[in-house]
Protein chains: 2
Amino acid sequence: MGISILGTHHTKFGRLNKTLYDLIIESGRGAIEDAGIEAKDIDSIWVGNLSGGGFNNQEHIAPFTMNIHKDLRFTPATHVENACASGSAAIECAKQAIESGNSKIALVIGVEKMNDLDTKGVTKVLAMSSYWPDEGSKGITFPGLFAEYAKGYMKHYNYSLDKLRAILAKISAKNHTNAVENPLAQMPLKITAEEILNKPDEKNPIVYDPLRLFDCSLVTDGAAALVLTTSEIAKSIKNEVVEIAALSHTTDYLSIFKRSNYELTAGKLAVKKAFKKAGITLDDLDFAEVHDCFTINELLSYEALGIAPDGEGYRALDEGIVYPEGKLPVNLSGGLKAKGHPVGATGVSMAVLATRQLLGKAIGIQAKDAEIGLTFNVGGSAASNYALVFKRTK
Amino acid sequence: MGISILGTHHTKFGRLNKTLYDLIIESGRGAIEDAGIEAKDIDSIWVGNLSGGGFNNQEHIAPFTMNIHKDLRFTPATHVENACASGSAAIECAKQAIESGNSKIALVIGVEKMNDLDTKGVTKVLAMSSYWPDEGSKGITFPGLFAEYAKGYMKHYNYSLDKLRAILAKISAKNHTNAVENPLAQMPLKITAEEILNKPDEKNPIVYDPLRLFDCSLVTDGAAALVLTTSEIAKSIKNEVVEIAALSHTTDYLSIFKRSNYELTAGKLAVKKAFKKAGITLDDLDFAEVHDCFTINELLSYEALGIAPDGEGYRALDEGIVYPEGKLPVNLSGGLKAKGHPVGATGVSMAVLATRQLLGKAIGIQAKDAEIGLTFNVGGSAASNYALVFKRTK
């Protein structure tokens, strides 16, 4: 059974004067309206959110969705959490709810309101998605965990710090610059890699050596929502719909110290499985939105997708492949780095962006004649991994 | 497609010298062993947990399940949260994963380690499952929310405090006494309603008027786990298996102040739907495990199940129906009141208890020739509601 996207909504990302509750209502209503259905048509609701408890003192957020519309009252609603991949986790649950016959139409909301806390508070809440006894409790924050990847990559492939920094600056510059076209992005900024590398330390300080400010994604408030249904129902309502051709989910050990620190082992597997399920190869992809929570993770994602061989991810940049005019543009939206990264919303945001690209209604830069796109969303230091393939169908 | 239970495990409930991680490993390994399968046979893992973040600084707990067995590495694992109904939420997801064809065999773990915090800390974390802006942030704790039900019930049905207290004491005494036979229970205690009512205030203090200490469930560490699969596969492995004949899930407004405070409106609907799906009536039930997080909620559950008419739940006790020798024993295990209530584990614990009853291997008091049992699990102040019907099949 094919599963398709009937409606989408994407809020502004940034430091917003909106509550967690406002974001749920705005995105939920937006997606229902875009789907062209009534609230009463929805059979189940799935909410991706990392830590309403930590950020907003609000666990058990799913029932709040009853406030989206009075006709949703009594609809089963469930909160799903897999750290920064919570949004994709919610999509997976909604998809299975439909495939199992328990739901015909499902609403998925990804949401996070991070700016209720100060930076120190945010860092602490995020660190709880590491393996706390060996990582968070030892003072290793998420910049610290991804610094482990940067250090592991340098060591394994014998890269100098300068060589790696030059690559990461290109990723940061590309994503900030792409975001200029995205009206919903948090930090649009026309900038070059040289400008980033030439910044004085105080303008681009080390966050966790070797990662600097321009390597880190943002602290963001925002939400995104999808209405999913069977492809059959979707096609009966809309002329052109986008199908989830594959969703694959792999899990690795929670602690980075139990696994490889120079590649996304489980992420590679997720991508491989997604390609197989969708019956496609890398060459079929017209764009990808990948999880650049830190620039090093976009580099690792190039290799996980197979855009460049292991240890040579830089070629994706140097050969122009991942730029807007390239063969496989990556993060046309600006990515987590510049669009923003409301952690529990990110997987849904990626799916909304992919859908809109495929419908020719991109939020930001439009890929030309895009027919197939991929989203790659990770949770924690890539312990949770999701790869989704989206296809335009008629 | 029928979904059956292939294996179960239930840890000791109480104040344990075990970590959140220990409990996951113990229950996961126990259920796999009981199922008679290999870890490599498991296709997906679903973890019910309310607030690893709040209680243990650990969000993103699902990937920790990779530590249960090396062959689980890369298996998709997902954390599901609907407050004190998180365990049932995880069962629902696992069931849909199988029904959708994405998994053949799924592992479900419900777990909570509450005693890392002191009472004040626990109360705060739990209060985050209320609607924080109008409830938790105003100092209304969970005893406070269920006190609203007690007060609402007295007002709506014109009960005196003494009359209500006498009923609630019977529920408390029944459950504590039932727990005497349950080797895994936290607070087995042979006691009568009279003894509870005659306790001096300092031995049974008011927690949140009118609820007293003997009306409140416990602060518990514990876990329970299930292996689920299709009934076809289950029957190919075991002679006698227990099937999930129905699972229904309803959601109501998060805040009790937006809904009725003298009945479980959405809970009633969940039970009604479960009976219909399973093709049974109340008369077919041989036992029930219901959500007595506070004694008032067991009283309301009698009415939600239809054991007694609205406003006359006391008859379930006075007519002997819900006692071990009655027509429909409720909480033979001792319930949340006496077995203990590790919040995210409770729904899975109930399912394990029901399964073991139906296999004639009860943990605690065995219902005679039980063929059909029900579990009724709620989250928050009954915003999330799950009713499951279990049937023994050959």
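What rotation and what shift along its axis superpose chain B on chain A? A rotation of 180 degrees does it, with 0.0 Å of shift and an RMSD of 0.0 Å. That is the relation of a two-fold axis. Superposition here is by least squares on the C-alpha atoms of residues with pLDDT of at least 70 in both copies.

Some ground rules. This is a predicted model, in which local features need pLDDT of at least 70 and side-chain atom pairs count only at pLDDT 80 or more, while totals for chains, interfaces and linings use all residues. Residues are numbered from 1 along each chain as its sequence is written, chains are lettered from A and ligands numbered from 1 in the order in which they are written.

**Stop 1: the axis**

Select B:Ser100. Of the residues of chain B, B:Ser100 comes closest to the rotation axis, with its C-alpha at 1.9 Å. Now show the interface on both chains. Of the interface residues of chain B, 100% are also interface residues in chain A, so the copies meet through the same surface.

**Stop 2: chain A as a whole**

Chain A has 13 helices and eleven strands. Both are DSSP runs numbered from the N terminus: helices are H or I with at least four residues, strands are E with at least two. The radius of gyration of chain A is 19 Å, close to the 21 Å that the globule rule gives for 394 residues, so chain A is as compact as a globular protein of that length. That radius is taken over C-alpha atoms, and the rule is 2.2 Å times the number of residues to the power 0.38. Along the principal axes, the C-alpha atoms of chain A fill a box of roughly 60 × 45 × 35 Å.

Next, burial. Of the 394 residues of chain A, 64% count as buried. Buried means 20 or more other C-beta atoms within 10 Å of the residue's own; exposed means 12 or fewer, and partly exposed lies in between, with C-beta atoms placed from the backbone. Among contacts in chain A with a separation of 6 or more, 78% join residues 24 or more positions apart. Two residues are in contact if their C-beta atoms, placed from the backbone, lie within 7 Å.

**Stop 3: helix H6 of chain A**

Select residues 161–178 of chain A. This is helix H6, with 18 residues. From first C-alpha to last, H6 reaches 26 Å, close to the 26 Å expected at 1.5 Å a residue. The expected span is 1.5 Å times one less than the number of residues. In H6(A), 13 of the 18 residues are buried, so the helix is largely enclosed by the rest of the structure.

**Stop 4: two positive phi values**

Stay in chain A and go to the loop between helix H2 (52–56) and strand S3 (77–81), where A:Asn57 lies. Phi of A:Asn57 is near 60 degrees, a positive value in a residue other than glycine. A:His60 lies in the loop between H2 and S3 too, and its phi is near 55 degrees. Buried or partly exposed: which is A:Asn57? A:Asn57 is partly exposed, with 19 other C-beta atoms within 10 Å. A:His60 counts as buried, with 29.

**Stop 5**

Bring chain B back and select B:Pro210, in the loop between strand S5 (206–208) and strand S6 (211–212). A cis peptide bond joins B:Asp209 and B:Pro210, with omega about 5 degrees. In chain A, a cis peptide bond joins A:Asp209 and A:Pro210.

Finish at B:Ala150, in helix H5 (residues 142–157) of chain B. B:Ala150 is buried, with 28 other C-beta atoms within 10 Å. Leaving aside neighbours within four places in sequence, B:Ala150 is in contact with B:Leu164, B:Pro210, B:Leu211 and B:Ile296.
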